[in-house]
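Open the model in your viewer and keep a selection panel at hand.

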Amino acid sequence: MILLAITPGLGFQPQAWQRVLRSGIHGFLIREKSMPARHLLETARWCQDVAPDVRLWVAGRLDVALVAGCGLHAPEAHPDLPPGLVPLSRPLHAEDQWPGRASADQLLISPIFASPGKGAPWGPERLHRFLDGLPAGGPQLLALGGVEPGSAMTMRHPRLAGIAAIRPFWGEDPAGAVARFLA
């Protein structure tokens, strides 16, 4: 199971970020909307130095993704990009978005469970129905939104690559959260 940790939007906190980056996660999404481009680039490079084996994504900044050589998580209103420019991650909030986003490298399906400000949750049943109807191959699919280690088991599906989350990884014990997700 792939685990993607998403920053909580509280700014760069080196000690906390280092704990998360070295916790056993597979991917790390820097989602710091107020961080200026130069600082975001320096932070991305810092992350790459601390955890070179963790796949790195930056949210909403194609310029930073290009220079840092990492993936771009393009938010909902982000314009389309030429294929292959950078590894591309997109949100998927409804099944009807699939045709327009199926060429991305990664899709974050959300919200699976109730999550503040994120709309009506999909729930495991709707998620499974959607995944059952997809062709083999295509983007890496991760479930996001209110996902905790205890609820991860309800989402297991051959087409789902893993989990993306914020809160479980930013507590006192990110390595423990990783272990609980993988158990």
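Select strand β5 (residues 88–92) and β6: the two pair in the parallel sense over four bridges. Strands here are DSSP runs (E, at least two residues), helices likewise (H or I, at least four), numbered from the N terminus, and two strands pair if DSSP finds at least two bridges between them. Arg-90 stands opposite Leu-107 in β6.

This is a predicted model, in which local features need pLDDT of at least 70 and side-chain atom pairs count only at pLDDT 80 or more, while totals for chains, interfaces and linings use all residues. Residues are numbered from 1 along each chain as its sequence is written, and side-chain values use heavy atoms, with hydrogens and water left out.

The bridge partner of Gln-106 in β7 is Gln-140.

Stay on β6 (residues 106–109) and show its side chains. In a regular strand the side chains alternate between the two faces of the sheet. Which residues of β6 cover each face? Gln-106 and Leu-108 lie on one side, Leu-107 and Ile-109 on the other, and all are buried (under 20% relative accessible area with a 1.4 Å probe, protein chains only; exposed is over 50%, partly exposed in between).

Now select helix α5 (residues 123–132), which with β6 and β7 makes a right-handed β-α-β unit. Right-handed means that, with the strands pointing away from the viewer, the path from the first strand over the helix to the second runs clockwise. In the loop between β6 and α5, find Pro-111; a cis peptide bond joins Ser-110 to Pro-111, with omega about -10 degrees.

Zoom out to the strands. Eight of them form a closed barrel, β1-β2-β3-β4-β5-β6-β7-β8, with parallel pairing. At β1 (residues 2–6) and β2 (residues 27–30), three bridges make a parallel pair, and Ala-5 has Phe-28 as its bridge partner in β2.

Finally, colour the largest nonpolar core, which has 51 residues. Such a core is a set of buried Ala, Val, Leu, Ile, Met, Phe, Trp, Tyr and Cys residues joined through side-chain atoms within 4.5 Å. Among those with the most contacts inside this core are Phe-28, Ile-109 and Met-155. Helix α2 (residues 37–50) gives the largest share, five residues. A second, separate core of eight residues includes Leu-4, Leu-29, Leu-108 and Leu-142.
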